[in-house]
Amino acid sequence: MTYEYKTLEDVLFQIAKIGRQGASYMGKKIPSYVRSPEQLFIYLSTVTTYRDDPPNTELLQSPKSLFQNNYWGMPGTGDCDCFTILLISSLLALGYSESRIEIVLAGNTRNTPKHIYLKLDGKPMDLTNAYYNYERDYPYLQHIPLKDLWR
């Protein structure tokens with residue numbers, strides 16, 4: 001979906017909502033050998049490609065859109081919020097409770113977040129990184145429990 005920005009709170013709600021809705025799709029897409037968060041990260045790293053959103057546009061792609069009807073015409077292509085949605089859907093599909101997942105906003109200050117990713121049980125899962133459980137050093141991090149975003 002192409003999202004018309006309202007507020008950061010609303011974007012986060014949309015990310016959580018789309019992530020929840022995508023769990024059944026990812027339950028069918030994730031290979032049966034994927035059983036751990038690290039295996040999930042490695043698998044998703046092989047089927048995704050990072051690309052910035054178009055200028056003045058915020059794309060929030062569901063997992064199905066990301067892989068089947070991608071804005072870029074290249075399956076698996078998206079940015080950090082698309083990958084956050086993908087990880088939420090995937091973790092829920094694997095049976096992880098939303099109470100174990102938190103969204104992390106990162107940036108230089110509270111008012112200028114420029115990156116988003118997940119933590120599961122305190123371990124970072126960021127598909128824009130090459131490695132599982134790796135976290136870039138940002139001056140400002142805000143942790144938001146996923147369960148707090150359900151409406």
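A: The side chains of aspartate 126 and histidine 115 make a polar contact of 2.7 Å. Here, a polar contact is a pair of N or O atoms within 3.5 Å; within protein, one must be able to donate a hydrogen and the other to accept it, and residues adjacent in sequence count only if both atoms are side-chain atoms. Keep in mind that this is a predicted model, where local features need pLDDT of at least 70 and side-chain atom pairs need pLDDT 80 or more, while totals for chains, interfaces and linings use all residues. Numbering starts from 1 along each chain as its sequence is written, and side-chain values use heavy atoms, with hydrogens and water left out.

Aspartate 126 has another polar partner: its side chain also meets that of threonine 128, at 2.6 Å. Leaving out residues up to four places away in sequence, aspartate 126 touches Phe41, His115, Tyr117 and Arg136, where contact means heavy atoms within 4.5 Å. With a relative accessible area of 5%, aspartate 126 counts as buried; that word means under 20%, exposed means over 50%, and partly exposed is in between (1.4 Å probe, protein chains only).

Aspartate 126 sits in the loop between β7 and β8. For the element names, helices (H or I, at least four residues) and strands (E, at least two) are DSSP runs, numbered from the N terminus. Asparagine 133 is in the loop between β7 and β8 too, but asparagine 133 is partly exposed at 39%. Its phi is positive, near 60°. Most residues other than glycine have a negative phi.

Now for the sheet. Four strands make an open, antiparallel sheet in the order β7-β6-β5-β8, with β7 (123-125) and β8 (140-145) as the edge strands, each pairing on one side only. Two strands count as paired if DSSP finds at least two bridges between them. From one strand to the next, the twist averages 35°.

Tyr117, one of the contacts of aspartate 126, lies in β6 opposite valine 104. β6 is mostly covered, with 6 of its 8 residues buried. On one side, β6 joins β7 through 3 bridges, one of them pairing leucine 118 with methionine 125. The β6-β7 hairpin has 2 residues between its strands, and aspartate 121 in that turn has a positive phi of about 50°. Aspartate 121 is partly exposed, at 46% relative accessibility. β6 also pairs with β5 over 7 bridges, in a hairpin with 5 residues between the strands.

What lies across β5, β6 and β7? Helix α5 (residues 80-93) does, running at about 15° to β6. Axes are lines fitted to C-alpha atoms, for helices over the stretch in contact, and angles run from 0 to 180 degrees between N-to-C directions.
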